[in-house]
Amino acid sequence: MANEKFIEGLSKFTKIPESKIREFLEENTLKNLLEHPESIKATQNQMEKFNDLKRLTNLYERLSKYKEYKFEKTEDSIEFLSSHFDRLSDKEKFLVAYLDDESKLLGVETISIGTLNASIVHPRDVMKKALEYKSKRMILCHNHPSGDPTPSREDINITMRLEEVGRLLDIQVLDHIVIGNGNHYSFRENNDIDVDYSLTNTQSKKHEAIYKRDIKDFVSLLSKVTKIPKKDLNFETKENEIKNFLKRPYEYLSDEKHINAIYMLSEIQAKYDKVKKDFAVKISSPWDVKNFIEDVYSDYENIQVAVFLDTKNQIINTKIIPDKLDLNDKAKFITEYAILNDSNSYILVNKEDNNFLNDISSEKLREVNKLKDVSNLVGIKLLDNIDFSESKFNSFKESGHINETENLDYSKLSLEGNERKDEIKKIRLDNLSKIIDNKKEINRDDKDKKKWVNWAIDR
Amino acid sequence: MLYEEGKDEDKTVFDEGITDEFLGIIESLLGKKLDLKFTSPTELFNFMNDPGAFLEDEEIIDEIKNLKDLISEMGDIFNG
């Protein structure tokens, strides 16, 4: 920024006359001016504005650093994250640093602020931000106002739960750091978490490809509906750019017809959202679900649909589940969608033609119960699985085939030394066995299962 | 058989201190209420880089762009 523009801006926001600033700069530098603004003999009001600008500059620098920080070792995490805590604070604060697959910082989010002894952390909130950032790794961090960083039972509980959910969604928990008074506890340093900062997440390429494909699909559809040539819709993979395009199409397009088409689309979307809100469908029984699916998907046969609900059992959204997904990917698909839509629960519905509807098989039962266990990890309930055709109807809930999910219990942990670590191992093993069974059903043979068990025992 | 409704969960409390302070200063410098609420520093950073994605008023958008240029320059001067 040239001096002239700088002076103009400074004068505009502080109300210090430009002539006064220029006069001062005849014998001083800009740095002198910023470090000793009192020398310019500004009024009290002008000085207040000047100090506001300085505070804004400091805050902005802090924000900017978020975009450059790379986490290569535990010390980096501690150095960066401990600066986010006020030592005198009497409240527990839980925050998460979201990283890409090279451990570069995407953003830091405060998930909750609690009381003197605890902060309430919902895995769904942590994972929602991770999915929004398209994060591949995360570092958890919270403070203990008591000054003692030794992790509590709840700390261990939430760490392990997030690790499990992270495994499902391909997001690694690199560390959980508890900040005390001038000291800290790192789960990774204490081998409670064993992930190498330098490892590249092998899933990232796959995900990048999926995002690129989604954007390609979006562009194709948009071009088809609006007749805007695809060459004018070049967004690469930047979601913010798409949002901006939809809001301010005139910045991207020159043809007025095309600009109006985008405005019309936005209007339709807004009206659709309103209608959806005004006429929210409430689900009270399996028959409500059947009727709803019959209405909405009347042209489809042999589909599996997930119906996502809010806490009042009103439908938030529905999604056809692609039929080629294996159980693990299906669980991931549903869980991601539920998290991003703030859904509290969901119902699986299979609309089938008569030839396909058989009695409930044990394989089907296992699949449904596994999906239920997995989504339960993030606090999302699978309420029911409904299979129906023209002449038949099965509700797992009605027939008692959906069991109440047992919450994974990490809280029975002793907190001292080796004993605690042994208990952690035991619980990990129990927990992993559940997930191993899940994987085995789909695509792993017994040999693989053995490997998984050995891996778990080693830890 | 009826489905049970879920319990309303406690709302997550975000630490809005830094974002509120930042926005408060901007509003004070512009002399205008912006009617915005940011729940994370990252959102605020995006806002400064691209105010047009958050606001309609071209005049305010330009003022925020100018403000961003000014504080970036001030940061450079302070640091070196």
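Okay, let's start at a turn: β4(A) and β5(A) form a hairpin with four residues between the strands, and in it G182(A) has a positive phi near 80°. By strands and helices I mean DSSP runs numbered from the N terminus, strands (E) of at least two residues and helices (H or I) of at least four. Before going on: this is a predicted model, where local features need pLDDT of at least 70 and side-chain atom pairs count only at pLDDT 80 or more, while totals for chains, interfaces and linings use all residues. Residues are numbered from 1 along each chain as its sequence is written, chains are lettered from A and ligands numbered from 1 in the order written, and side-chain values use heavy atoms, without hydrogens and water.

β5(A) covers residues 184–186, and it pairs with β4(A) antiparallel over three bridges; pairing takes at least two DSSP bridges between two strands. There, V178(A) sits opposite Y185(A).

Now β3(A), residues 137–143: seven bridges tie it to β4(A), and these two run parallel. To get from β3(A) to β4(A), the chain passes through helix α7, residues 153–169, in a right-handed β-α-β crossover (clockwise from the first strand over the helix to the second, with the strands pointing away from you).

So is β4(A) buried or exposed? Seven of its eight residues, 172–179, are buried, so the strand is largely enclosed by the rest of the structure. Buried means under 20% relative accessible area, exposed over 50%, partly exposed in between, using a 1.4 Å probe and protein chains only.

Last, chain B: three helices, zero strands, with 42% of its 80 residues buried.
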